[in-house]
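Student: I would like to request a close look at one part of this structure, with the backbone and its surroundings explained step by step. Please begin with a loop and then proceed to the metal site.

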Amino acid sequence: MSDQILGLHHITAIADNAQRNLDFYTKVLGQRLVKKTVNFDDPGTYHFYFGNEEGTPGTILTFFPWEGIGQGRSGVGMATEIAYAVPAGSLGYWRDRLQAFKVPVGENSTRFSENYLPFADPDGLKLVFIEPEDPDTRNPWATSDVPAEVAARGFHSTTLTLRDINATAKILTDIFGYRLLAQEGNRYRFVTDAIATANVIDLLEAPDASPGRGAAGTNHHIAFRVADDKVQMNFRERIEAAGLQITPKIDRDYFFSLYFREPGGVLFEIATDNPGFTVDEPLAELGSGLKLPKQYEPARDKIEKVLPTLH
Ligand code: ZN
């Protein structure tokens, strides 16, 4: 099984104000800040990683908070919704909590016979909490405000909006080992049996929808999980053989990455479990220090002056 795609590794989205983003995910949603670093291609911008206690792949939502970037627009060629799994019976708690923080919340609904609650983060990023039919047994991060019995377990799925799903579906089924599980209207649910959680991708076919515009409140890319960089390079060969352009292996300090744009326009990444977030901080202290990749360490003073102050 370990030579397969193991569901989602992380999802990366764009925010505007860093403090507002940090407060929403850690305080309102009760996620752990597992790493505070900078955008490796733009070190004057933070890169936040939110997840469970260990930052287990499949729980990690990351942000580039670009102050003043302005509102983006979700649309065709993007991941347009992120779904977290929450415990059965917790949606009422979450509705009350989100409303108490004046978070825009939609109507509860049902999709593939699972109840969900849609809402948006302060930048307008679309999120949902889903009560999966099969309870998600992953260990959550618990805070004094969000106890373990209601805390989000990590990703349930993500939705990609596409003009035509076929070419994207083919990547999922023929290369990544997913299969079509079910269809509801224009929503096609794909699942991999290689892992039990964060293993669902929904493709939403919207032939007339407008393209998205990447800025605050939109997703930048989605990363699929592999055990290590040996498995990763096998996938690189298969993606190249399918005629797609793919980057060389890039060291992201906490994982190795490959990027390619799938035919429907969504930026895909393949990311490894190794070496993980404890490579430069002990588990108990994850997220407490500003971590810089070694090429930027000599410029730490300058970078710290440029980055917004966080409380
Ligand atoms: Zn990524």
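**From a loop to the metal site**

Tutor: D253 is placed in the loop between β14 (250-251) and β15 (255-261). Please keep in mind that the model is predicted. Although D253 is not a glycine, its phi is positive, at about 70°.

F112 lies in the loop between β6 (109-111) and β7 (114-120). Its phi is near 45°, again a positive value in a residue other than glycine. Because its relative accessibility is 12%, F112 counts as buried.

We now turn to the metal. The zinc ion is coordinated by H10 through NE2, by H221 through NE2 and by E269 through OE, at 1.9 to 2.0 Å. Along the chain, these donors follow the spacing H-x210-H-x47-E. Within this set, the pair H221 and E269 links distant parts of the chain, for the two residues are 48 residues apart. H221 belongs to strand β13 (residues 219-226), whereas E269 belongs to strand β16 (residues 267-275). H221 has a relative accessibility of 6% and therefore counts as buried. E269, at 0% relative accessibility, counts as buried as well.

Strand β16 also holds P275. The peptide bond leading from N274 to P275 is cis, with omega near -5°.

Notes: Residues are numbered from 1 along each chain as its sequence is written. This is a predicted model: local features need pLDDT of at least 70, side-chain atom pairs count only at pLDDT 80 or more; totals for chains, interfaces and linings use all residues. Side-chain values use heavy atoms; hydrogens and water are left out. Donors are N, O and S atoms within 2.8 Å of the metal (3.2 Å for Na, K and Ca); water is not among the atoms, so sites may look incomplete. Helices (H or I, at least four residues) and strands (E, at least two) are DSSP runs, numbered from the N terminus. Buried means under 20% relative accessible area, exposed over 50%, partly exposed in between (1.4 Å probe, protein chains only).
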